[in-house]
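Subject: Structure handover

Hello,

Here is the structure I promised to pass on. Please open it first, then read the notes below.

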Amino acid sequence: MGEFLQTYWLDMLTTILGLIYIWLEYRASIALWFVGVIMPALDIYLYWSHGLYGDSGMACYYTLAALYGFYVWKFKKTRKKKEPLPIIKMPRDKYLPVTVFFFIAWGTIYYILIRWTNSTVPLQDSFTNALSFVGMWALARKYVEQWLFWIAVDAVCCILYVQKGIPFKAGLYGLYVVIAVAGYFKWNKMRKITKYEKV
């Protein structure tokens with residue numbers, strides 16, 4: 001038992017934090033950003049120690065992005081009424097730049113992984129990293145579509161973590177897929193159809 005805990009304690013701890021995070025995200029609670037700072041900070045070492053260098057770098061980004069997300073949710077207001085940002089659909093004029101950014105990020109991260117690391121899964125690792133950049137940005141802006149990005153990220157991560165011997169994290173991301181589907185429908189019900197969807 002002691003050897004098991006010694007091997008998997010960090011995997012289990014970050015999995016528990018991940019469950020708390022996704023529950024808070026599902027409820028659209030601002031408290032998610034506090035967990036969103038702690039969990040990825042721990043993930044930096046977890047992923048690096050298992051050769052997931054892209055995910056380790058991504059965890060650094062998650063830590064900083066959580067601070068940004070908290071700022072936007074707490075202090076960013078709608079333009080006229082000074083109300084908190086509502087949950088809305090992603091404006092259509094964002095589709096093209098987001099898609100271009102994703103492919104550029106995917107290609108760049110892939111090149112970094114094959115050029116400067118011994119990663120055995122550069123294609124998948126770079127894919128989840130690039131799409132996670134988009135997902136975090138969309139979450140910070142309270143776009144319903146953020147859940148769709150996470151469904152794809154979580155499904156690939158689940159398989160990746162099984163391959164890399166991080167079983168608890170793999171189970172967490174499998175659960176994330178289910179919760180992300182439910183979250184998409186919940187946020188759709190919560191969203192406000194307003195003029196802010198056009199900005």
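A cavity here is a set of points, on a 1 Å grid over the protein atoms alone, where a 1.4 Å probe fits but cannot get out. A pocket is an open set with protein on both sides within 12 Å along at least five of seven lines, and lining residues have an atom within 4 Å of a point. Grid points are joined across faces, edges and corners, and a volume is the space filled by probe spheres set on the points.

Some ground rules. This is a predicted model, in which local features need pLDDT of at least 70 and side-chain atom pairs count only at pLDDT 80 or more, while totals for chains, interfaces and linings use all residues. Residues are numbered from 1 along each chain as its sequence is written, and side-chain values use heavy atoms, with hydrogens and water left out.

Cavities

By the cavity rule, the count is two of 30 Å³ or more. Helices are DSSP runs (H or I, at least four residues), numbered from the N terminus. H2 gives the largest share, five residues. The lining has 13 nonpolar, one polar and three charged residues. For these classes, Ala, Val, Leu, Ile, Met, Phe, Trp, Tyr, Cys and Pro count as nonpolar, Asp, Glu, Lys and Arg as charged, and the others, Gly among them, as polar.

The second largest cavity has a volume of about 70 Å³. Its lining includes Tyr47, Met58, Tyr62, Asn129 and Tyr173. H3 supplies the largest share here, four residues. Eight lining residues are nonpolar, three polar and one charged.

A pocket

The second largest pocket holds about 150 Å³ of space. Among its lining residues are Trp48, Tyr53, Met58, Asn129 and Phe133. Helices H3 (53–75), H4 (95–116) and H5 (122–140) each supply at least two residues of that lining. Seven lining residues are nonpolar, five are polar and none is charged.

H2 against H7

Helix H2 (residues 32–49) packs on helix H7 (residues 167–190) at an angle of about 130 degrees, and their axes are 14 Å apart. Axes are lines fitted to C-alpha atoms, for helices over the stretch in contact, and angles run from 0 to 180 degrees between N-to-C directions. H2 is therefore oblique to H7. Angles under 35 degrees count as roughly parallel, over 145 as roughly antiparallel, 65 to 115 as roughly perpendicular and the rest as oblique. Met39, Asp43, Leu46 and Tyr47 of H2 make the contact (heavy atoms within 4.5 Å) with Lys169, Tyr173 and Tyr176 of H7. Five of these residues are nonpolar, none is polar and two are charged.

Lys169 also forms a salt bridge with Asp43, with the closest N and O atoms 2.9 Å apart. Lys169 is in helix H7 and Asp43 in helix H2, so the pair ties together parts that are 126 residues apart in sequence. The structure holds two salt bridges (a side-chain nitrogen of Lys or Arg within 4 Å of a carboxyl oxygen of Asp or Glu).

Backbone

Most residues other than glycine have a negative phi. Ala28 has a positive phi near 55 degrees, and it is found in the loop between H1 and H2. Lys142 has a positive phi of about 60 degrees, and it is found in the loop between H5 and H6.

Best wishes
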